[in-house]
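Visitor: Could you take me through this structure step by step? I am new to this.

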Amino acid sequence: MSFNKTTESGGDAPIRLQVYLAHAGVASRRAAEKLIAEGRITVNGRQVTASGEKVLPADTVCFDGKQVKTESRLLYLVLNKPPLYITTSFDPQGRPLALDLLPPCPERLYSVGRLDYRSAGLIIFTNDGAFAARVGHPSAEIEKEYLVESTVPIPDQAVEEFARGVIVEGVLYRAHEIEKTGRKSLRVVLVEGKNREIRRVFSHFRLHPEKLQRIRIGPVLLGGLKEAETRPLTKTELSCLMN
């Protein structure tokens, strides 16, 4: 398996500390700023609390006392996650991790967004914190397309209300696109993608998704990728997601 990779650019030029931390895979830039403000970062043994601090590649940067380094290569992998796998890096309940399906590599990878335990389909893993923050943020307005199969016929009213916008427990959920593909099946496109959005809306209408599969993230298509298989993002896909 080959990986897409880029090397850290900029030579010996100083970069902002939060950018360094993002490239080291510690956290997104925004999350890194919070870690800095909390005093959890040191540079050459000195605690730093200002995000404007700049560091050099030769500097010793530590997070909670442990040295971190920028990645020598940045990886971008697509996984077709089977159902009953969790996308966190650790699960106290001992459920199977989607991370364990990825090819072995020394870099620490993490998911861009999540796909819930019972759902299947596309999810992106990377060690590029800046990429993860950009692509995973709602402001990126990246479409995510799902195929949903219900245990019972889906009423037209549920489809129409999801298209207009439905409030569930004080939260507004609205499908960017939605269409019935059968009596018990839907194609749904979300943009913001709130946590467990489709399942919450289904539950609101007393429906239960028997199968929920994500088939597209922006320009990235599931295609013929089999369950539990991975592939690298193409250069075109990466460029489209970043722009």
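Visitor: Which strands form the open sheet, and in what order?
Guide: The open sheet has 4 strands, in the order 3-2-5-6, with antiparallel pairing. Strands here are DSSP runs of E with at least two residues, helices are runs of H or I with at least four, and both are numbered from the N terminus. Two strands pair if DSSP finds at least two bridges between them. Please note that this is a predicted model: local features need pLDDT of at least 70 and side-chain atom pairs count only at pLDDT 80 or more, while totals for chains, interfaces and linings use all residues. Residues are numbered from 1 along each chain as its sequence is written, and side-chain values use heavy atoms, with hydrogens and water left out.

Visitor: What does the side chain of R46 meet?
Guide: The side chain of R46 meets that of E53 in a salt bridge, at 2.5 Å from N to O. A salt bridge is a side-chain nitrogen of Lys or Arg within 4 Å of a carboxyl oxygen of Asp or Glu. R46 is partly exposed, with a relative accessible area of 43%. The classes are buried (under 20% relative accessible area), exposed (over 50%) and partly exposed (in between), using a 1.4 Å probe and protein chains only.

Visitor: How many salt bridges are there in the whole structure?
Guide: The search finds 14 salt bridges. One of them joins R95 and D91, whose closest N and O atoms are 2.9 Å apart.

Visitor: Is D91 buried or exposed?
Guide: D91 is buried, with a relative accessible area of 9%.

Visitor: Which residues are joined into one network?
Guide: Salt bridges that share partners join E143, E145, E177, E179, R187 and R216. E145 also stands opposite R216 in strand 15.

Visitor: What does strand 10 pair with?
Guide: Strand 10 pairs with strand 15 (residues 209-217) in the antiparallel sense over 7 bridges. Strand 10 also pairs with strand 14 (residues 185-190), again antiparallel, over 6 bridges. There, the bridge partner of Y146 is V188 in strand 14.

Visitor: Why is strand 10 described as largely enclosed?
Guide: Strand 10 (residues 144-150) is largely enclosed by the rest of the structure because 5 of its 7 residues are buried.

Visitor: New topic. At what angle do helix 3 and helix 6 pack?
Guide: Helix 3 (residues 129-136) and helix 6 (residues 235-242) pack at about 60 degrees, with their axes 9 Å apart. Axes are lines fitted to C-alpha atoms, for helices over the stretch in contact, and angles run from 0 to 180 degrees between N-to-C directions.
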